[in-house]
Amino acid sequence: MATAAIKDEVASSKANSAQEFSTDLLRVYYARLFPYQEMYNWLSYPTTPSSTNGGAAAKSDLFGRREWSFTMEDDIYIRYQSFRDQAEMTRAIQQRQPHKIDIGAVFTAAPKDHAIIKAEAFQPTERELVFDIDMTDYDDIRTCCTGAEICMRCWPYMTMAIKAVDVALRDDFDFKHILWVYSGRRGVHCWVSDPMARKLTNEARGAIVEYLSVHLGSSDNSDKKLKQTFVNLHPMLQRAYDILEPMFEKYIADDKGQGLLARKDRYTKILNTLPDETIRKELYDRWERPENQSLTGADRWRHIRNVTTSPQAAAASSSTATMQTSAAKKRRVNYAELDAWRVELVFTHCYPRLDANVSKTQNHLLKSPFCVHPKTGRVCIPIDAREAEQFNPFSVPTVRSLCSEIDQHDRIHRAQRGGDDALSLAASSTSAASVASSGASVVSAADDGDGVVSDTDKTSLKQSIDLFNRSFLRPLFQTNRQEQRSQQVSLDF
């Protein structure tokens, strides 16, 4: 039943995705909803935000030396695009209508001039520290989907990755300006925009990736060669385990998640790797008893955790101490080995799987926030790392749903005004749906009777842009100002 439900969910997702994207809908999105101003304010790294097509942000020349890449319809790929300011960026996107937008490094010169500049004089000078985590890298352990398919049983892999990486970046490297973004289909991206992060060398980026990586054995936990990694855990790994272990119980072991310990054929494979033969047999016999046939995967994980935890550790925090102490009196148990086995099992199924090549070099492109995935129609919106468990990729706005929200807002306010004044007639002629189907020109805002309301404010995209501004952009402005003051003090001396 569970497998059939998953297949139905995936099939429904595929059918809906085919209806959520079109070139006409994309044109409306670029004309009325794409947050050009926010993107410019971010990537020009000003000390104060720009509220127009220039303003304070125009003082920075970083934006003009930034590489942009457009992927057009039919996968035509255009690299080394660059723009002087927000207005030029806006015109280029609206004229070309790219199906995908990637952002690259800041170079020594404008990337659009790279063909007339000597190679040694055209080099990347800075770039955000970025991470790419893709669901396909979990295909060897997913039990529900493969490839580009996702469902709410496997999406927690991305949740766990966000939780583990975000705290490591903040606590171990003191990075503060971290933006998590949904990729639009099957993964998540991370942008670290702190001044120190942007100036990291390729070697330093590689070192950070290595620090955050765990070299795991096979997915069934049978590889003996790497067990030493999980004995006397580094504090970073211990912290990661403390974050991931409860999520393993909920999202991996249990029937409502991946069901790793929910079925006999699956939990038998796990038990066969347990290094203590006596404990292995005890667990197997216990689970085979008639009265235990209703055990959930989470129940079985709690049994494993209890019997593989040393009596001292158990006595410090749980009611399993009596059982553990009784077991310890009967035989000598190598709890260090069991602990390493348990940690490796959790890390194999929960630890983030980073695409190292994306992070290690400055000159690597990554999909822009707020662009649209052409396969799903979903917008690449920010994710609040603190609320990552509440994020649902199937609830992300699509270009079609956003156009519908604009039309619904306009219909409601026209009805409230009576629907017969000239303003209502004008608004009716430029509805998002009619524009998308007719190819007519568009307007960016409409009067709702009380004043001009931006199209963004009529849609659920407003929440995502507000999150971007509140949790990422505004704190970044403050840091930019502090850095400018520090540089000024240095110059004064």
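The model is predicted: local features require a pLDDT of at least 70 and side-chain atom pairs a pLDDT of 80 or more, whereas totals for chains, interfaces and linings use all residues. Residues are numbered from 1 along each chain as its sequence is written, and side-chain values use heavy atoms, with hydrogens and water left out.

The secondary structure of the protein chain comprises 19 helices and 11 strands, where helices (H or I, at least four residues) and strands (E, at least two) are DSSP runs numbered from the N terminus. Of the 493 residues of the protein chain, 53% are buried, that is, under 20% relative accessible area, with exposed meaning over 50% and partly exposed the range in between (1.4 Å probe, protein chains only). Among contacts (heavy atoms within 4.5 Å) between residues at least 6 apart in sequence, 68% join residues at least 24 apart.

The largest nonpolar core contains 126 residues; such a core is a set of buried Ala, Val, Leu, Ile, Met, Phe, Trp, Tyr and Cys residues joined through side-chain atoms within 4.5 Å. The residues with the most contacts inside this core are Tyr29, Trp42, Phe131, Trp180 and Phe347, and helix α8 gives the most to the core, with 10 residues. When neighbours within four places in sequence are set aside, the contacts of phenylalanine 131 include Leu169, Val188, Cys190, Ile208, Leu212, Leu354 and Leu366. Trp42 belongs to helix α3, where Tyr36, Glu38, Met39, Tyr40, Asn41 and Leu43 are buried as well. In total, 7 of the 8 residues of α3 (residues 36–43) are buried. Just after α3, tyrosine 45 adopts a positive phi of about 50 degrees.

Helix α8 (residues 235–253) also packs against helix α11 (residues 297–307), their axes coming within 7 Å and crossing at roughly 140 degrees. The axes are lines fitted to C-alpha atoms, for helices over the stretch in contact, and angles run from 0 to 180 degrees between N-to-C directions. Tyr241, Glu245, Phe248, Glu249 and Ala253 of α8 meet Gly297, Ala298, Trp301, Arg302 and Arg305 of α11. These contact residues divide into 5 nonpolar, 1 polar and 4 charged, with Ala, Val, Leu, Ile, Met, Phe, Trp, Tyr, Cys and Pro counted as nonpolar, Asp, Glu, Lys and Arg as charged, and the others, Gly among them, as polar. Alanine 253 lies 10.0 Å from arginine 266, C-alpha to C-alpha, at a sequence separation of 13 residues. Arginine 266 is located in helix α9 (residues 264–271).

The loop between β8 (366–367) and β9 (382–383) holds threonine 376, which is buried at a relative accessible area of 5%. The side chain of threonine 376 reaches the backbone oxygen of glycine 184 at 2.6 Å, and a polar atom of that side chain lies 3.1 Å from the backbone nitrogen of arginine 378. Both are polar contacts, defined as pairs of N or O atoms within 3.5 Å; within protein, one must be able to donate a hydrogen and the other to accept it, and residues adjacent in sequence count only if both atoms are side-chain atoms. Phenylalanine 370, in the loop between β8 and β9, is buried at 0% relative accessibility and has a positive phi of about 70 degrees although it is not a glycine.
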